[in-house]
Amino acid sequence: MRLPVLLAWVPMLAFSQEPTKAPLPVPADRHLDTYAVYSVVLMHPRLSHPDTNEKYVVQELSGYAWEGDLRSCITVPDAYRATFAELLADRDEQYRQRYRLERNFKITKPYDLVTADQVKEFGRVRIATVPPASEAELFKGAVDLITLGNVYFDKKRTLAAVYTWALCGGLCGFGTWRVFVRNGKGEWEEQHWTNCMTIAASRFASSAWTA
């Protein structure tokens, strides 16, 4: 399994830029399945450390510019090769889209959706020796800032893949593809097909920051 290591804060800049056009919500025909997958992801987020978040801070825009090549990071069983090809075609269409997320996650832990400016502020808070008092309540109890990539599907919505990125400091983060198959009950079950990820560790991961 390949484990690329983060060397700098640069990834924060890649997804903190506002698009030139106001982003739309997730399209109606993708809405239900997209938020179902996001909810499964956020029930058990992949982090670089044990999950000590009292709440999750999630960027309000979907999409991650550096999610990497899906083909090289997932080993697909033969039975799913046809549906995976359809999923790749969907990614080709959806990759550059950014959608404004809504509070439709069905998870047990509280969460906040944050703007691009607040994403940048999260970075400053994590680098600063003394966190700014103005952001104390927004980030209190949150260790990671989570970015959700777009969810890609096959035509019949039986297979899904999404890249997630969790940032907890200047050299603290974890990014990986996550793949799901819809079972006979209509639920999304995670598959362990991923063979690469990006990880970095830092002192910020040891505990939640509190003001």
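Start with the largest nonpolar core, which has 23 residues. Val37, Tyr38, Phe105 and Leu148 touch the most other members. Bear in mind that this is a predicted model.

Which elements give two or more residues to this core? Helix 2, strand 1 (56–59), strand 3 (145–148) and strand 5 do. Helix 2 gives the most, with five residues.

Now Tyr38. Leaving out residues up to four places away in sequence, Tyr38 touches Ser62, Leu101, Phe105, Leu148, Gly149, Asn150, Val151 and Val162.

Is Ser39 buried or exposed? Ser39 counts as buried, because its relative accessibility is 8% and the cut-off is under 20%. Again setting aside residues up to four places away in sequence, Ser39 touches Asn104, Phe105, Lys106 and Ile107.

Next, helix 4, residues 81–94. This helix has 14 residues and reaches 20 Å from its first C-alpha to its last, close to the 20 Å expected. Its buried residues are Phe84, Leu87, Leu88, Asp90, Arg91 and Gln94. They cover an arc of only 160 degrees around the axis, so they sit on the same side of helix 4. The face turned away from that buried side carries the exposed residues Ala82, Asp92 and Glu93.

Terms used: Residues numbered from 1 in each chain as written. Predicted model: local features only at pLDDT ≥ 70, side-chain atom pairs only at ≥ 80, totals over all residues. Heavy atoms only, no water. Helix = DSSP H or I, 4+ residues; strand = E, 2+ residues; numbered from the N terminus. Expected span 1.5 Å × (residues − 1). Buried < 20%, exposed > 50% of the residue type's maximum accessible area, 1.4 Å probe, protein only. Arc of directions from axis to C-beta. Contact = heavy atoms within 4.5 Å. Core = buried A, V, L, I, M, F, W, Y, C linked by side-chain atoms within 4.5 Å.
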